[in-house]
Amino acid sequence: MARQGAGAMLAAGGLGFPPQNLARVVVWEWLNEHGRWRPYSAAVCHHIENVLKEDARGSVVLGQVDVQLAPYIIDLQSMHQFRQDTGTMRPVRRNFYDPSSAPGKGIVWEWENDNSSWTPYDMDICITIQNAYEKQHPWLDLSSLGFCYLIYFSSMSQMNRQTQRKRRLRRRMDLAYPLTMGSIPKSQSWPVGTSTGTPCSCPQCLLVNSTRAASNAILASQRRKLYPGAIRQSSTFAGAALWPVGTGTVAGGTAKGEGLRVPGAGFAPSPSVPGSAPLPGLNNLNRPGTQRGAALGARATVPPGVPALPVKNLNSTGPVHPALAGMTGILMCAAGLPVCLTRAPKPILHPPPVSKSDIKPVPGINGICRKTKKKHLKKSKTPEDVVRRYIQKVKNPPDEDCTICMERLVTSSGYEGVLSHRGIKPELVGKLGKCGHMYHLLCLLAMYNNGNKDGSLQCPTCKAIYGEKTGTQPPGKMEFHLIPHSLPGYTDSKTIRIVYDIPTGIQVRIPLLGRVPPPPPSQAPPQPLHSHQGPEHPNPGKRFTARGFPRHCYLPDNEKGRKVLKLLIVAWDRRLIFTVGTSNTTGESDTVVWNEIHHKTEFGSNLTGHGYPDPNYLDNVLAELLAQGVSEATLKD
């Protein structure tokens, strides 16, 4: 399949621009350590464009629009993202796409990672998926983009063609990316003389020129050591080539008029697509991906007569060369940019000390503590009973795909020959009562047995829940009470503090009826249903860790905050708050992780995105609880 919607990168004064009188959607992207360009969100791109209109040579403070990006700024002059607390720099680019493509419509495609949270695809992959979706293709092969994955739109899933592992994907609407028309004014990358093309002799320009040349020399030296033979001479960074009038630079050192080639999607793996293996040794920002060698600069020379300047290094270690971090600070400050090489502000995680006498029960809620124990299976419900409870048999099914086995409903289930059961024929089709989606009965039975086996069903198409969904949360304790302090944004209310505590333990199996293995080759003999032990956690019998407990979370003590607390108590009782899996933050496996219901763990700040003020949080968490089958109707039962 041909690559769809690839953006074009043009070079002019460090900033790409579209052809004259041609509307384009602008997407700002940064280069990760694996050589893949990752898009900023639409809101961040709007913010960058607004700053760009005011000053094409200025800097963009990303924390002003996204608190999770508080340590980062973008220098529009050098086209680099700079992290103030570590000195880490990453190239950025201004890319353009067709207004009718996914970013122009505000459409985002995401895949579910191991932590049960959602990760957006790279923009070129997102556009390709959206194009196939709009053409009503039943599936999409991503091998043309360098990834061994198949996308199935009917089941909204992604399958690894090598391991057969499936992941959920979703399509959501977001803010459309900014639109631009024609070209933007060219910006001069560095101070130059007004007529002769020689460097200005003012102290500020001397400082900028010397530090820029020295930092480029360090970069080039490091790159030659890491990638011998991969460096191409670039006139942009060489001696007097810094000075001619009208010669702009772009990120990476590409000279004016030279096109910057987008790294080939088929060669550099990316964490934006699950299962990609990182390139060895690419854990340093200054170690570019294998496709970037053509844009790297060579060693620069310091112009004669420029004084050497002392460099103050960072207090902390970082992934970049220590001297480079210090000189980068001097360079950006000399250019008038609001930069300081200091650590980012620390989040305020906890309130001031509270005496026991000041801790009160939450009004309208009984008790102050809930405990969970190991799950007890209701043995009266067999898998067949559960499936039959929620479906209606369909005598004349339509000629459509069953989104579980991907076979037509008018034919036998794909589990024929893999699973056999007395009374359930492979050609039987059922319709779920609420949503009306249809599947083979044998496929529903397979899905149920491969799930949590808790007596509930969840429609794989619309996610409607039938019955009471429960999770795999390990045993633990949940406490909740009032403290006499206010959260930012809720100055008129006290605060509800929730304390979760889960100890380390052993991953367990649960007793269940029936078994459905993954579909083996069609020649394999049928597997009869029988009683056995099934896994509740990923690796039964292996110890799991519980990092960061007890975990403190906060809600405002108002009507909606108390409603959220009541529903969180229900979710806790149903073992839906936590699960055992792989941490998306540390990468540690077999550990207790959050389970798709977000909590606020910062009391007095919102530097990480997990604090206040956040006016949309209560509504968002109510929606997340509803997706788990925990709604206000639950409180009335």
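This is a predicted model: local features need pLDDT of at least 70, side-chain atom pairs count only at pLDDT 80 or more; totals for chains, interfaces and linings use all residues.
Me: What makes β22 and strand β28 (residues 551-556) a pair, and which way do they run?
Reply: Six bridges join β22 to β28, and two strands pair if DSSP finds at least two bridges between them, so the pair qualifies. The two run antiparallel. Residues are numbered from 1 along each chain as its sequence is written, and side-chain values use heavy atoms, with hydrogens and water left out.

Me: How do you know that strand β21 (residues 476-483) pairs with β22?
Reply: Again by bridges: β21 and β22 share seven, in the antiparallel sense. Ile483, for instance, has Thr495 of β22 as its bridge partner.

Me: Why is β22 called largely enclosed?
Reply: Buried means under 20% relative accessible area (exposed is over 50%, partly exposed in between, with a 1.4 Å probe and protein chains only). Six of the seven residues of β22 (residues 495-501) are buried, so the rest of the structure largely encloses this strand. Across the protein chain, buried residues make up 49% of the 637 residues.

Me: Why does Val27 count as buried?
Reply: Its relative accessibility is 0%, so Val27 counts as buried. Val27 sits in strand β1 (residues 23-31).

Me: What is Val27 in contact with, leaving aside neighbours within four places in sequence?
Reply: Contact means heavy atoms within 4.5 Å, and the partners of Val27 include Pro39, Cys45, Arg93, Met123 and Tyr177. Take Arg93: it is 66 residues away along the chain, yet the two C-alpha atoms are separated by 8.4 Å.

Me: Why are helices α6 and α7 called oblique?
Reply: The axes of α6 (residues 383-390) and α7 (residues 441-449) cross at roughly 120 degrees and come within 10 Å. Angles under 35 degrees count as roughly parallel, over 145 as roughly antiparallel, 65 to 115 as roughly perpendicular and the rest as oblique. α6 and α7 are therefore oblique to each other.

Me: Which residues make that contact between α6 and α7?
Reply: From α6 come Pro383, Glu384, Val386 and Val387, and from α7 come Leu441, Leu444, Leu445, Tyr448 and Asn449. They divide into seven nonpolar, one polar and one charged.

Conventions. Axes are lines fitted to C-alpha atoms, for helices over the stretch in contact, and angles run from 0 to 180 degrees between N-to-C directions. Helices (H or I, at least four residues) and strands (E, at least two) are DSSP runs, numbered from the N terminus. Ala, Val, Leu, Ile, Met, Phe, Trp, Tyr, Cys and Pro count as nonpolar, Asp, Glu, Lys and Arg as charged, and the others, Gly among them, as polar.
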